[in-house]
Every structure is written in structure tokens, then in C-alpha cells.
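Look at the sequence and the 3D view first, then work through the points below.

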Amino acid sequence: MLRCESVSKRYGKGRWILQDVDLEVSGGDVLALVGSNGSGKSTLLRLLVGLSQPTSGRVMGRPRHIGWVPDRFTAHERVSALSYLTHMGRIRGLSGPAARAKAGRLLDRLALVGGRDAALRTLSKGNAQKVALAQALLVEPALLVLDEPWSGLDASAHGVLAEFIAEVSAAGGAVVFTDHREAIAETHATGVHAISDGRVSPRSGPSQGGPVTEVEVVLTVPVTGAVPLEVNWYALPGVTDASRGENAIVLRVAREHSDTALLTALQHHWSVESLTRPGTGHASRSGARRAAL
Amino acid sequence: MIALVRYLFTVMLLSQRYLAPLLLFVGLLAVLTSSDSGPLAATYGSAAGGMLVCSVWLTMGLIGLEDQTHRSVVVVTAGSHLRVLLGSVGTAALWCLPLTAAGLVLPLLFGSHTFTFADAVLGTEAQLTCAFTGIAIGVLCSRLIFRRQGYALLLALVLLLAVLLAKGVSPVNVLLGDLQSASGSADVLGSTSALLAISAGVLAAAVTATHAISVRRS
């Protein structure tokens, strides 16, 4: 669908930020771009969504409905979150009531704190980022492009973000996102590309060709009655989901990071009840989780 | 496009950035047209001069309102840079309409005139000619081209002086000259219509240039 052919980019007479980038993204793909700060990830995303023009080469096959989530959404506007989203929906061709209803559903799922009628400028960084995410999903995007989407969002929104990505992909849309943490990229993407020195190369490794294998860890309160300590599970590498039950937590963690997660759990007085390797499909994931809880 | 203009209009309304140019316009009208009992053509010439300055201010304020990140979201949502730029120009023109109405009515309250239909048409044409030229200057001096507002302001002042003083070249200069020397509004209606068309052309050229430069830089 979307194809970059020998794309190079530099601003004015400055250094080359991207050189000879060839990239292809098809419907259903979830592509992660990893690289250090300043490596050109954001520039490539801006080229993909059409905000920026390549200095040489070309980007072809850009679909009509593109969802774009910038890395910083420093909202200084006085319009409310719901009103802003309704306006964005109208610009995308929805009717006012349809846009408002869709915006309300998205904000409910993202659990916006601060009120949907609060002015955008009063929202915290994380909540403003939720609004940025919601505006990209008002109309089912054929291409969803997210710049460092995990940073700034709170732990509970991480799971919702992963669901959104899976839904867009399942509906035949392509998803491209960046992150500087490889563990996160490998967990959520079906393909990972690395950017360094302005060049983009497919990542060789266990994740190539499909989602990385995950394990599901069920942690419970120990039978001794000891009270386990609170842990921010999403801060651990490779953790994609942490669902809480009454006395249990079900973690989904990338296989290569499961030992770290287990060690942290044990150090915080959790008891490991089971460790399983579920199917890799998105449907079976949520099913297994619900069954465990 | 209507949804886009509606959004930009709302953002401008809530930001209250329209207030300073609006007050300046009313102030200029009060100073320039109070106790005036001469022909309305010359009076509306003064109102058009005020409109020129205020439309530059309104346009620069409107385009500078959103930071780069917000604008990028609007651009992707609307589909292209050009569409958002056209939406901004349309919104600025929309904001100039109540000013035009004020420019038509307030001189009648401040002075003593006999008002005819030809006066109303001439006043509207004259103010829109200046509004289009002002929006053209505002777009060229907006944040899309100048990241630093000091340089933008300097260029805006230079361009304002140029369109006011460039004899025989600028539609604004020709218009103000015509209106000052006209004895009746009906006499200059035709020439003012031609100047309105020329200023619309100037605006189109400014939008094209701004789009080309901003896309090249993006």
C-alpha cells in the first residue's frame, strides 16, 4: 500500500537526516521504527503522513484516511476535549452528532481524567496525549502513524493503546509507530525496522516475521497471607498487559523479558501461580486473559 | 472546508485574539469619521484604510494561534497543507465581514451623511479590497514563513507602507486616491470593482507563494 522509494531528507543545507530509505507497509502490518533520539524517526513519520516532502525520492500510495498521533500534544487551546474531537470528526466528514458520539466512546475507553468538557489547555500531558490518540481514530484509519505513543500515557492506557493498534490492523489498516525502546517495539509490532545514521534497515532477530512470543504469568497473593507490594508492571521491559483480578494479576510479557518480570514479582512478595505460553492471535490473547481472571 | 473554517473560527473566538484588532478598527473609525459630513466615498476610504491594518493583524493572529504540533494534526485531518491554508484565509475573510458591517454603519452614527445603496456597495467593495490585500500581507508574514515574530512584524509594517504609498501600483493606493477625489459613490463603483478583483488576485498570489515556501520548508 504505502511505499517509500529512495527517500532522502534534509532541511535546507543541513545534514542528511534520512538517506535512500526504501520502505513498504501493507494493510494489516504493524511496523515499528526504532532508533535513538534524533535518529530521524519522527522525520520519517512526517514524510509518511505527508506533512513533509522528501528532498529526493518519493512516497507513494498514501491512503485518504490517515490517523496521525504526534509525540507531544501540548494543547493550549480553550476548546474542550469533546468539542475539539467533534470538530476534528466534522473535518473528516462525519456529522456533528456522529463525531460527538464516536469521540465520547473513545474518551470513555481511554478513561480521560479531567473531564471531557475541560479545556484542552487544562489537561495534563498524559490526558492531552489521550485526546491526540482519540482524534486519530475518529474515522477508521487506513494508515495509523504514531510517534512514541507509549511515552506520556499512564499504565492503564497502555493496554487500550495496544487494543487500538490491534483493531486497526485487524480491520486491514496499516500501523507504523516509533519507540526508542526495542522491547516495546518488538512486543507490539509484526515487523521492526531500525534507523541509524539516516538509514533504515529491517531488524533481524526473533521478532522478524511475526509478533514476538509472549508468556502469560498469573501472580497471586501468597497463601501465607503476606501483602504483596505494588509494582508498576508496565515500567518493566516487555510487559504488554497487566490485568488485575481480585487477588491476582495476569501479566503478558515478552518471553525474553519474562525472567525479569518473575524476579521483580517474587521480590515484591507476589506468588507465581502459573506461567503459560498462549496463542499469538489477538483474539486468543484476550480470551485467555479473561479465563485466568 | 466549512467544517475546517468553523473549527478555526471557534478557536479564534475562544482565544479572544480578535478583540485587539476589532477595538483598533472601531477606534480608527471613531477618530477618522466622527463629525464628518463630507461625501461617504471619502469616509469609506478611511474605513478601508483601517480595515487594511486590522486584517493583517487578524490574519497573523489566526495563523499563529496554533503551534506546529496542533497544525500538523489539523493538516493530516484535513488532508493537505493547502486546504488548511485556504481554510485559514477563508476564516480571516469571515472575521473581516463583521468589521466591514461596522465600517459601513458606524460612520453613519459618528457623522451626518445621506446614505444611498451605491454608498453601501462602494463601502463594501472598498473595505473588502483592503481586507484581501491585508490578508495577503498577513499570510506572507505569518508563522508559516517566519518562525520569529519580530521579523514578521517588521516585514508586515514595510509591506503595509508599500501598499499604502506605492503610487499607481498598489490597488490600495489607487483605491484610496480614487475615493478621496470622488464626488459621488456611483462614479467610482466600476473602478473599485476592478480593484477588488485585482486584490483578490494579489491574495491568490500570496497564498500560492506562502504554500510553496511553507511546503518547501516542512
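Of the 293 residues of chain A, 45% count as buried. Keep in mind that this is a predicted model. Chain A has eight helices and 13 strands, and chain A is in contact with chain B.

**Overall form of chain A**
- The C-alpha trace of chain A spans about 65 × 45 × 30 Å along its principal axes.
- Take the contacts in chain A between residues at least 6 apart in sequence: 72% of them join residues at least 24 apart.

**Two domains in chain A**
- Chain A is divided into domain 1, residues 2-202, and domain 2, residues 214-292.
- The C-alpha centres of domain 1 and domain 2 of chain A lie 28 Å apart.
- Ten residues from domain 1 of chain A and nine residues from domain 2 of chain A take part in the contact.
- On the side of domain 1 of chain A that touches domain 2 of chain A, α5 (155-170) and α6 (182-188) of chain A each supply at least two residues.
- The largest share of that side of domain 1 comes from α5(A), with six residues.
- By class, that side of domain 1 of chain A has five nonpolar, four polar and one charged residues.

**A closer look at A:W150**
- Where is A:W150 found? A:W150 sits in the loop between β6 (143-146) and α5 of chain A.
- Is A:W150 buried or exposed? A:W150 is buried, because 20 other C-beta atoms lie within 10 Å, and the cut-off for buried is 20 or more.
- Which residues does A:W150 touch, not counting residues up to four places away in sequence? They are A:H158, A:L161, A:D179 and A:I184.
- A:W150 and A:D71 are 79 residues apart along the chain, and their C-alpha atoms are separated by 9.3 Å.

**Where chain A meets chain B**
- How many residues of chain A are in contact with chain B? There are 20 of them, in contact with 17 residues of chain B.
- Two elements of chain A give two or more residues to the side that touches chain B: β5 (66-69) and α2 (81-91).
- On this side of chain A, α2(A) gives the most, with four residues.
- The residues of the side of chain A that touches chain B divide into nine nonpolar, six polar and five charged.

**Annotated stretches of chain B**
- An unreviewed UniProt entry annotates "transmembrane region" on residues 47-65, 85-106, 126-146, 153-174 and 194-215 of chain B.
- In the model, residues 47-65 of chain B are 95% helix and 0% strand, with end C-alpha atoms 26 Å apart.
- Residues 153-174 of chain B are 77% helix and 0% strand, and the end C-alpha atoms of this span lie 24 Å apart.

**Confidence in chain A**
- The mean pLDDT of chain A is 83, and 91% of its residues reach 70 or more.
- Over residues 205-210 of chain A, pLDDT stays under 50; the model has seven contacts beyond four places in sequence for this stretch.
- Residues 280-293 of chain A also have pLDDT below 50, and this stretch has 19 contacts in the model beyond near neighbours in sequence.
- Where pLDDT is low, the predicted coordinates should not be read in detail.

Definitions and conventions
Residues numbered from 1 in each chain as written. Chains lettered and ligands numbered in written order. Predicted model: local features only at pLDDT ≥ 70, side-chain atom pairs only at ≥ 80, totals over all residues. Contact = placed C-beta atoms within 7 Å. Nonpolar A, V, L, I, M, F, W, Y, C, P; charged D, E, K, R; others polar. Domains from an automatic or database assignment. UniProt positions renumbered as here; feature names shortened; annotations may be inferred. Buried ≥ 20, exposed ≤ 12 C-beta atoms within 10 Å, placed from the backbone. pLDDT = per-residue confidence, 0-100.
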